[in-house]
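Reader: I would like to understand the words used for this fold, and what stands behind each of them. Could you take me through it?

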Amino acid sequence: MKKIALIMESWGRYFTFAWPSGMLRKIRSPSADIDLYIFNCNANWNDDAMFNKGEHNIFELPELTAFDGIIVDLTNTRDSEAADRLLDRIRRSGVPAISIANRYDGLYYVSVDNYSAMCDIFDHLYDKHGCRTFRFIMGSEENYENSMRSRALIDKAAEKGLPESSYTMHYYDYDVNSGVRAFREMRENNEGFPDAVICANDNIAVGFLLEAQSMGFDAPADFLITGFDDLDKSRYFTPRISTVSYMREDIGELCVDMLMKIWAGQTVPETCYISSHPVFWESCGCTSDIAVDLRQHAKDSIIWNIDSEYFANDVVALDSRLSRCGNMGEMIKCIPAGISTFRCDAMYLVVDKLFEYINYGDVESMEPVDISGFEKELHSVGYPEEMTLIFSYENGLYNECRKSVRGLVPTLMSDEKPSDILFLPIHLRERCIGYFAIKNAVYLMEKQFIFGIMNALISGIEQLHERTKLAVTNKMLSAMYHHDTMTKFWNRSGFTDCAQEYFNKFRAEGRRMAVIYYDLDRLKWINDTFGHDEGDRSIRLTAKAIGKNVSDEAMCFRLGGDEFLVLDRFVSDQELNGRCSSISEVLHDDFSKGAVRSDLTISAGYTVTDPLSDETLEDYVKRADDMMYSCKKAKKMNRK
């Protein structure tokens, strides 16, 4: 089974289904034995450059050398860095590669012959209708196909002997609003109508006509106008718009056909065109014998609107469910509820292990972490070598996996009939989270539902992450409020808020508790003699020594500059005395190793609670404090 990677970028929110549609038509023919892997992003529908960077990261996902052929469409990719990085990887892979609609060194090129098609349009307007003045409304100057269309018009004008003053060239985008803008600018500049307006595509022509009609003008009475691409907009608009017709699906089919010939060792030309022909309608005063079934078009529109409404409702419901999820585990249980809506064969969600760690579990059970620091470790270019498959849906069965995977999931489809799988990026702005994979996504691609799904999913993940980040931040702030920053022990606020609950737990369980008070001897002398840095170091070492000599149930507090309190389970007096001796040994060992400049000693006092007594925690703490003070006083007397 051969494998083809189709790497493409949608036009804003709209998926270019024609390419995979034509490819699948060829792949599913008896002569083919091919799997199609589609890597698609939806960048440039907003002006957030970091979001677009996160979308373009899907270009980095496939290991290109694992494929037998590569097809790429970068027509809508404005990020030249992302495009150049992909093209460099394609060239270095050594895999035969075809570019749709853009010429690149080292890649085959497939498209419609834009130059010849635009020449046909110009000749018709000039020869048949006697047009001598023109307004050329083109798309982006950087777009290769647009540059071919623009060059054809300029060359044709020169060929006909028209002066440059007979035409104007304007560059916009490819949407309806570009045509609206073009008309408004023409009127604002007090320019009269030319004989003909030639547009780079049907969208622009429709926008120009809509704005003209809103001001009482129309074609062909006031001007002639043409488009390009033969979209439904041209066939069903009033007036019907003259255009260039071709089967866009044929481009995808031709790409696969070329790769099959290359695999068979046949010679393939570097440039291949599909056939096209002009269609002249009412917008230039012509009629066409092409039959247009208005009733079928209306029916198709009604069905599409019904499907879109159902799907929109499902996406809203999914969005609502996702917004209520407390962690990734809850979130992935929401997604399968909408699988029937997707009408696909299988689905997979793969995420960065780091993101899984942060967002999967219960925040209350997590150690306080700096999530902003973790975010910086998420990839902004490329994917981690090892990731986590969060869930899979295959053969009607949902499975919460949480297993490590490398590369693409599924890695191979060669044991089945030819199939397709669509890979879509998931990210926090420019930071890579993972990817979503959908097997047999034809329904979603054809109905233009990809954007809605991914927008809901990414939005839900972003909201979840923000809630997690807020919860963890609050936990960190709480930890900072209740803990001493120098020793990481509980501080006096922590004692006030938390120690009583711990005491009550022991009393309720009928267990005895050891209440131990420690004091670091001669801290003032250490500070005065060696400086406060040495004093701080002595405090940290004392806390470390105390922490090594407690049970896993203990609560350790630093209540003052040199005062420590430990609440722990009581085992025996011998065990408690042994702890004090062990702490002293650790501190003396630190001095011997040069960790501190003064031999550190502690004074200690302890008492043991009686679960049947009415004495309070404060009573026991005061008793332990008094015993510690007696110990400290005795040491001072001995030193004298």
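Reader: What makes this an open sheet, and what is its strand order?

Author: The open sheet has 11 strands in the order β11-β5-β4-β3-β1-β2-β16-β17-β13-β14-β15, and its pairing is mixed. Strands here are DSSP runs of E with at least two residues, helices are runs of H or I with at least four, and both are numbered from the N terminus. Two strands pair if DSSP finds at least two bridges between them. β11 (271-274) and β15 (397-406) each have a single partner strand, so one side of each has no neighbour in the sheet and they stand at the edges. From one strand to the next, the twist averages 20 degrees.

This is a predicted model: local features need pLDDT of at least 70 and side-chain atom pairs count only at pLDDT 80 or more, while totals for chains, interfaces and linings use all residues. Residues are numbered from 1 along each chain as its sequence is written, and side-chain values use heavy atoms, with hydrogens and water left out.

Reader: How do you know that β14 and β15 pair, and in which sense do they run?

Author: Strand β14 (residues 386-394) is joined to β15 by 8 bridges, against the at least two that pairing asks for, and the two run antiparallel. Serine 392 stands opposite asparagine 399 in β15. β1 and β2 also have 8 bridges, but in the parallel sense; there, alanine 5 stands opposite tyrosine 37 in β2.

Reader: Why is β2 called mostly covered?

Author: Buried means under 20% relative accessible area, exposed over 50%, and partly exposed in between, with a 1.4 Å probe and protein chains only. In β2, 8 of its 8 residues are buried. Ile34, Leu36, Ile38 and Asn40 lie on one side, with Asp35, Tyr37, Phe39 and Cys41 on the other, and both faces are covered.

Reader: And what makes cysteine 131 buried?

Author: Its relative accessibility is 2%, so cysteine 131 counts as buried. Cysteine 131 sits in the loop between α4 (114-128) and β6 (134-138). Leaving out residues up to four places away in sequence, cysteine 131 touches Leu125, Tyr126, Asp195, Ala196 and Leu224, where contact means heavy atoms within 4.5 Å. Alanine 196 is 65 residues from cysteine 131 along the chain, yet their C-alpha atoms are separated by 6.4 Å.

Reader: Why are α18 and α19 called oblique?

Author: They pack at an angle of about 140 degrees, with their axes 7 Å apart. Axes are lines fitted to C-alpha atoms, for helices over the stretch in contact, and angles run from 0 to 180 degrees between N-to-C directions. Under 35 degrees counts as roughly parallel, over 145 as roughly antiparallel, 65 to 115 as roughly perpendicular and the rest as oblique; α18 and α19 are therefore oblique. Leu523, Ile526, Asn527 and Phe530 of α18 meet His532, Glu534, Gly535, Ser538 and Ile539 of α19.

Reader: How do you know that the span of α19 is close to the expected one?

Author: The expected span is 1.5 Å times one less than the number of residues. Helix α19 (residues 532-547) has 16 residues and reaches 22 Å from its first C-alpha to its last, with 22 Å expected. For α10 (residues 294-323), which has 30 residues, the reach is 42 Å, close to the 44 Å expected. Buried residues of α10 include Phe311, Val315, Leu318 and Leu322.
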